[in-house]
Amino acid sequence: SSCPDQDLLHEISTDIVTSIQNTYNTKWTYGQISEVVYVASGSSADYFYDDLDIICSFAAELRDTGKYGFLLPDSQIPLVANEMWNGYQVMIQAVVDGKCSKRQS
């Protein structure tokens with residue numbers, strides 16, 4: 001299901017993922033957790049959005065295509081750090097720009 005801030009979150013996610021992809025030309029899938037990964041309830045993203053009214057509540061996943069899972073080889077750690085840093089900068093800029101202010105209850 002969608003949330004009231006779906007359009008804004010999609011816009012910011014698109015900008016974040018574009019920045020990550022442009023680092024090493026990797027391809028990323030993004031969207032609602034229930035549509036991209038699997039249906040799960042009680043995630044930290046849900047808690048921050050629903051209970052704390054924090055609009056920009058994201059659950060970032062690092063690179064892998066299923067080969068390594070959560071145990072990436074050491075050689076990929078600098079690559080992950082670089083591409084995620086680029087994505088985090090975009091997210092931080094959205095906060096600085098006021099796009100991620102706390103929802104008023």
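Is F48 buried, partly exposed or exposed? F48 counts as partly exposed, because its relative accessibility is 37% (buried means under 20% relative accessible area, exposed over 50%, partly exposed in between, with a 1.4 Å probe and protein chains only).

The model is predicted: local features need pLDDT of at least 70, side-chain atom pairs count only at pLDDT 80 or more, and totals for chains, interfaces and linings use all residues. Residues are numbered from 1 along each chain as its sequence is written, and side-chain values use heavy atoms, with hydrogens and water left out.

**Figure 1. Overview of the protein chain.** The chain has four helices and zero strands. Its pattern along the sequence is α-α-α-α (helices are DSSP runs of H or I with at least four residues, strands runs of E with at least two, numbered from the N terminus). The C-alpha trace spans about 45 × 30 × 20 Å along its principal axes. Of the 105 residues, 24% are buried. Among contacts with a separation of 6 or more, 63% join residues 24 or more positions apart (contact means heavy atoms within 4.5 Å). The accessible surface is about 7400 Å², with 54% belonging to carbon and sulfur atoms (Shrake-Rupley method, 1.4 Å probe; for residues, only the protein chains shown count as cover). There are 6 positive and 14 negative side chains, and the centres of the two sets lie 6 Å apart. Lys and Arg count as positive, Asp and Glu as negative; His and the chain ends are not counted. Each charge is placed at NZ of Lys, CZ of Arg, CG of Asp or CD of Glu.

**Figure 2. The aromatic pair of Y47 and F48.** The structure holds one aromatic pair. Y47 and F48 form this pair, edge-to-face, at 5.7 Å centre to centre and 65° between the planes. Rings of Phe, Tyr and Trp (its six-membered ring) pair if their centres lie within 6.5 Å; planes under 30 degrees apart count as stacked, over 60 as edge-to-face and the rest as tilted. Y47 counts as partly exposed because its relative accessibility is 42%.

**Figure 3. R63 in the loop between α3 and α4.** The loop runs between α3 (44-51) and α4 (77-96). R63 counts as buried because its relative accessibility is 16%. Its side chain makes a polar contact of 2.7 Å with the side chain of E83. A polar contact is a pair of N or O atoms within 3.5 Å; within protein, one must be able to donate a hydrogen and the other to accept it, and residues adjacent in sequence count only if both atoms are side-chain atoms. Beyond neighbours within four places in sequence, R63 is in contact with Y24, T26, W28, L72, Q76, L79, V80 and E83.

**Figure 4. D5 in the segment before α1.** Helix α1 covers 6-24. D5 counts as buried because its relative accessibility is 14%. The side chains of D5 and Y49 are joined by a polar contact of 2.5 Å. Leaving aside neighbours within four places in sequence, D5 is in contact with Y49, I55 and R103.

**Figure 5. A59 in the loop between α3 and α4.** A59 counts as partly exposed because its relative accessibility is 44%. Apart from neighbours within four places in sequence, A59 is in contact with I33 and A45. A59 and G87 are 28 residues apart in sequence; their C-alpha atoms are 13 Å apart in space.

**Figure 6. K27 in the loop between α1 and α2 (33-36).** K27 is exposed, because its relative accessible area is 66%. V17 is ten residues away along the chain, and 8.7 Å separates the C-alpha atoms of V17 and K27.
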